[in-house]
Structures are given as structure tokens and as C-alpha cells.
Amino acid sequence: MKVIDDHGTKKIILDSGRTVPDRPQRILVAEDEHLVAAEITARLTELGYVVVGPAVDGEAAIRLAHNGVPDLAILDVRMPGPDGVAVAKDLYATLGVPSIILSAYSDGPTLAAAREAGVFAYIIKPASLDQIRAAIEIAWDRYLDLMRARGERDELHRRLEERKFVESAKWILVDRKKMSEPDAMRALQKRARDTRTKLLDVCRDVIETGEF
Amino acid sequence: MDPAPQTFSSDQTRIRPSAGASFMCLYLGPGVLALATLALAADLLGVFPASNSSELPSARRTRGVVVLAVGLLLAFLWARTQRRRWDRLFDRCYQDRFTAHSDLLPAMLWTVRPDSMCDFLNRAWLEYCGRAMETQIGHGWLEVVHPDDRDPCRTTFLSAFEQRKPFHLYYRLRRADGTYRRFVASATPTHSQSGSFSGYLGVSIDVEEQASAVDRLRESEERYRGIVEDQTELICRWTPDGVISFVNDAYCRTFGRHARELIGHSFAPMIPEEDRHVMDEVAQRLGPKEPIITSEHRVIVADGSVRWHRWTDRVLLDQSGRVVEYQGVGADITESKVAELSARQANERLAALLTREAELRRELNHRVRNNLASLLGLVTLYTRSTVTVPELAEAIRGKVAALREVHELISASSGGADLASLVSRLAGTFAKFAPGAGRITVLGPTVLLPPELASAMAMIIQELLTNSVKHGALVDPEGKITLEWAVPSEGPGLSLVWRERVPPRVALADPASDFSRDGTSEFPPEHGGVGLSLVKGLASFELRGDASFSFEPAGLVCRIRIGVPLDLIQAPSKPSGQTLA
């Protein structure tokens, strides 16, 4: 995950390749009740966000998100078509868009479904301006933290795989060239330096050909 | 010549001399006599030529024949006498040895002469009775037989004697200490070597222990039977092919049949057809691995009624593990079953009520919160466009009143709001602004709108009425409104047309109206006010349809389409009209 400065605006490039602002700007709203949708749209506009939608149902929400990927989504739970939980799961899986659930339901099963879907915040209707703002900020921070942790995990996984690769090549030399373990490692590094190739490529060549 | 006397004692094993010795002992003397007779006769008959007797040949011959006959007769008689003496001696020896050996036996041995008199009882008998041989022989043995057993014994004994057949006796014998013990006697007729009946040889065996065991077993069985018969539970046994082999009284009473009517028959007819599979499953499962199974099923009892029984069935196996029989103990559990069913049904009803209550609470919370959110939305919507606080208050009051009417209507009905009634109620709230009769007419089939749709429709109609009162048909005392709806020929939902008719002299539009026109026959959305936005938004979101407005020469026309399938539409064959106000 990298932070870049794009003409005075901070942007974050996630390891998935997606570029997001340091704070969300475009927020998708999906709500099947006109007055509530109007209210949340007005509140978000008041907070300085650009509202995508509002979508009248789950299908419309997914369609709008794919037409122009929002930074965040605020979804009602009960909507015609796919419900808010299903839409949240879909948006995160396909576009990496985090979601906040906005619902009048606060019962256990609904909360559990939202938790399982991996939503980043849950707001109970009717929500005040402060509640909406806090939920958005916390959800966005949690999302970035998660992306950062996921990037670190992927990096560690990659390094571990490379290490296994180098170890395999080294033990081939130890076995076939009767070298000591440090000598084998030094020989691989020297070959990389001499041929101006990456150590990983040298190791791959040794593993694939069995020759050094 | 007498045979050599031989003495046989109990410790001797040889009872008869060898064949050669026997021949010598028995027949040596008669043989010598016979030979001497033959020699003398031969001499007299002149067999030997050297004889030169002066006696006449005929006289000598006669004397020779006589000597031969007499000598051979004497030899024969002598040999027969010897044989008889030998047999008597042998019998005596055999008797001695029999006596000696029989005394060694633990069982009682006795012999009876052909005249039915006992002539021998072994030591076991005498010691048991504590009597001497002399007191027991003859018919003296009957003295130690239990008085109650004497006559049956004597009868059996004499009857068998007449027929010369083996017989068995079962009697009690008095021991030396005066106590009686039970014996079983078996006797078989004996015969001499010549085949003549020589009496009986009998043996009596003490069976007191076995008899006591049998008594105890019988008593145990009696007790067990008493317990079984006195049980209020039903007890039965049946063979693997389902045939009853035993039933107790309770079983008979329950099914109103005698045991003999049940034993040997299947009990299948006493179980309702639909429950017979229970018994089949039990029979299949019962075995060494699952020896006891409890099951519940219904039975048809004596009065024909159906009762519930709980049966604990057990498999009875033989020593090789093969199923011999099944045994079942059953109890009537109808009362408890009925109570259990009632309790279960009550629990199910309670659970359903609790679930329903939770759902209602959840829905109530949802509606209250949604209504509050909608109110906030309304406030936000109107705050952005209205100029004064009274206008804002009036707008909010109108919408809240519309929602109240919907709520009242839904509360009074079951699951929906009748569209005509809804319009009527809302029109009623505007009666003071639009006096006169026949101002508003509704035309269409009876439609029940779900609560969510009813709320949206109420706000739409309230908005249209507000506009009409302020700027439309209801401004003029002769202005009229017609709301007509119909089920569309294609697609779901409902199509509604709000049509205002005003006389030509009335100015139709007010520049301040929410629905002010821009000179065209249709209003682009961006040119509408809050009311237009609200109607279109509600039609688009809640009604899943759309709304369009147009000014026709007669007045405003609003077309609304509900896109939600309405299952509750009850369409009469011909739409009926109704004048509301």
C-alpha cells in the first residue's frame, strides 16, 4: 500500500491495484424508501461527500457501483432484490468496496448476517449527522487498516515462498556439488552478481535444470 | 459223584468254573457208569469173540440188552441230578454275590418273589429305615411307606404284578429318624434261565432333593404367575412369527377376550394398521445386540376405542443365541400421552406466539425507526424549499395526518388499506377547504394496499389534494376531481389517473404552485417543486413505478403507476364509482 500526492490530494494505492483517496469521497447510497434516501443523501451532501445514487434496490446498487466504483457504500438491509447484506458482500468481493449498513433493524440475526458479510460499520435509523460521520470515518479507517494488514500478510507470504525457493536451490548444490551450506549460498549470490540477474532467477534455473 | 463244592463270597469275581472243570465235575461219574455199562453189555452180547461162556447165546444176549438199558438209564438219571445240584449251588452263589454287591449300592435294591412277597431288600433300604430284614420282607416294607401312599403303591404294585409288566412307584418312605423322604421306585419282572417268571427286581432312588427343587421351582412359578396375573400392566409373549403364546389377565381384560381366544393367534388385529410398522420395526431390531426395546403405539381395546400403550419388549434367546420368543410388558399411557400432546401443542403454540411476538417487536421497531427517518427526511425536504415556519409546519402536519389516516385504516383492517377508503379519509381532512358535494369521485376495483404502499400512496394523495386546494380544482366551488384506477393489461401493479376538472373561467396555475407549469403540457422533473419531487420519488421508490404530470384544458392530470405486484387486488367484473365529497 502506497500513499501518493496527486496534485495536493493524498491518494492511496492498495496492493490490489485499486487507488483510493485518503478519505472517502464518492459514497453509494442504496435505500428503498424515498424520504429516508433523501434524508441520507442530504446528510452526506452536507458532510461533503458525493452521493452515488440513491439506488432504489440491490440490483440498482450493484449496477451503479460497477458503472463508477464508489469509495464506500451505505446500504439499507431490507431492499427489493438482493438485500443490503448480499450487496455488501458482492461489492467487497468484486470491487473491494467497503460497506456500511444503515438499517432500522437491530436484532441479533440481522447483526450476525451483517458481521458475517464483513461490513465495516452498522448504523441504526434514524441516524444523526454525527453518527453518520463517525461511522464513515471508522469504517474507512478499518478498511485501510485491513488493506494494510492484508498487504503485509501477502508480502510476508511472498518472502516466505522466495525463501523456500532459495533454500531448495541451495540444498540442490549441497547435495550435488558437495558444497557446504554457506558456500552454496555464496555461490548462488555470486552467480547472481556475475550474471546481473536476480537471486530468485538463479535459484529457479538451478531448480529447473538441476545444473549450476 | 458230587461236584466239588465251591464257596462264593462277595469278594470273588469268578462265579462259574471253567467248561472243562464243569464237565468233569458234573459228568465224570455218570460217564464212567455209562462206559462200564457199555463194556458189560458188549461182553454179554458176545461182541468180544474171545469169550467162551457156556451160557446160551440167546440168554446172554437178553441179559446184555437189559444191562445196557439199565446202565444207561442210571447214568442219565445221575447226570441230571448232578446238573440240578449244580444249578442250585450256582444260584446260591449268585444270590450271595448279588447280596454282597447290592449292599454296596447307594440305591435301594429289592426283589419280589412270584407270589408278590418281597424276599430281599439291600442294606441301603434297611439302614434307611432302621429295620431288620425280617420285618421288611413279605409285605412288611409297606409299613415304612407313608400312610397316604400305601394304597396307591399297593394298587400299582399288584396291578403290575398281574400283568407282569414293569412299573414305577412314587412314594414317601419313613427314615429311621421318623422323617419322610420321597423316592422313585422302578421295578422290572425277572425270569429264570428257563424263562419262567421269577418275580421283580426293583430299585428305589431318593429324589427328595430333586423333588424339593421341583417344589421350590413350582412355588416360584406360582408366585411368579401370581405376580404376573395380578399386574395391572399387560404381559404377553409371542413367537417370532407373531403368534401369541401367553397373556396375563390384564391383557385379556384390556382386549376383552379370553386367553384361549388370544393364545395361538396373531395380535396384529389389535393394533391399528398405521401403527403396525412399529411392531415390525421392534421385531426386526430385537436380538442379542438389542435385547430390550421400548416403543409406543396405539391399540384397539375391548370397547373399540383407540388407546396409547407403551411396551417394553424383550427377546428371549436359547443357549445358542437363537430367538425363541419375545416378551412384552405394556402399560396404558393414553392419559399421559394426551397430556404430553397437549403440553407439546401448548409449547408449540407458545413458541409460535413468542416467535410472532419477536417478529412483531422487530417489525414495530423497524417501522417506528423508519417512520422517524421518513419524518426527518420530510423535514429536510421541506426545510430546503419552504419559506416560512408556518408553511413548514403545515406541510409536516399534513403528511403526519396522512400517515395517521393510513395507520387507522390498517389497524381496522387485516393486512392492508382499501384504496377507496384511504382516499375517502384523506378527502375528509380537506372537507373544510373544499365545501360542496360530489367534489371527489373514485372509480376502480377494490384494492387492498400493503402498509408500505398505503403510506406512500397516502402521502401522494395528500400532496395532490393540498395542491388542488391551493391551486387546482378545489379552489373553484365547481371544480371536481376524479381518481380512477385499473389493473393494467400488461405488467404488475395498478395504474391510477388523478384528473382535475375546473370551469374554464378559473385560472389554473399559480406561479407559486409546486406543480407550476412552464408552458408545456408536461413538467420536466427539474422544474417541479418539493411536491413534484415527493410524488415522483415516492412513486419511484416505494411504489416501484413512476408518476407523470400534465396540464390538460380541463385541469391537472397526474398518472401514477404502481409497479409492485398486488396480490390483494379484488377486481369486480365492472368498476364501481363512488362519490366521496
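How many residues does helix 6 of chain B have, and how far does this helix reach from its first C-alpha to its last? The legends below, which describe a predicted model, begin with that helix.

**View 1. Helix 6 of chain B, residues 208-230.** The helix has 23 residues and reaches 32 Å from its first C-alpha to its last, which is close to the 33 Å expected at 1.5 Å a residue. Helix 6 of chain B is hardly covered, since the count of buried residues among its 23 residues is zero.

View 2. When contacts in chain B between residues at least 6 apart in sequence are considered, 51% of them join residues at least 24 apart.

**View 3. The open sheet of chain A, with five strands in the order 5-4-6-7-8.** The pairing in this sheet is parallel. Strand 5 and strand 8 (121-124) of chain A are the edge strands, each of them pairing on one side only, and neighbouring strands of the sheet are turned against each other by 20 degrees on average, direction ignored.

**View 4. The pairing of strand 4 with strand 6 in chain A.** These two strands of chain A pair in the parallel sense over four bridges. For A:Leu28, the bridge partner in strand 6 of chain A is A:Ala73.

**View 5. Helix 2 of chain A, residues 58-67, and its buried residues.** The buried residues of this helix are A:Gly58, A:Ala61, A:Ile62 and A:Ala65. Because they cover an arc of only 95 degrees around the axis, they lie on the same side of helix 2 of chain A, whereas A:Arg63 and A:Asn67, on the other side of this helix, are exposed. The buried residues of helix 2 of chain A pack against strand 4 (26-30), strand 5 (50-55), strand 6 (72-76) and helix 3 (84-94) of chain A.

**View 6. The contact between chain A and chain B.** Here 18 residues of chain A are in contact with 19 residues of chain B. Helix 1 (residues 34-46) of chain A contributes seven residues, the largest share of the side of chain A that touches chain B.

How values were computed
Residues numbered from 1 in each chain as written. Chains lettered and ligands numbered in written order. Predicted model: local features only at pLDDT ≥ 70, side-chain atom pairs only at ≥ 80, totals over all residues. Contact = placed C-beta atoms within 7 Å. Buried ≥ 20, exposed ≤ 12 C-beta atoms within 10 Å, placed from the backbone. Arc of directions from axis to C-beta. Expected span 1.5 Å × (residues − 1). Pairing = 2+ DSSP bridges. Axes fitted to C-alpha atoms, helices over the stretch in contact; angles between N-to-C directions.
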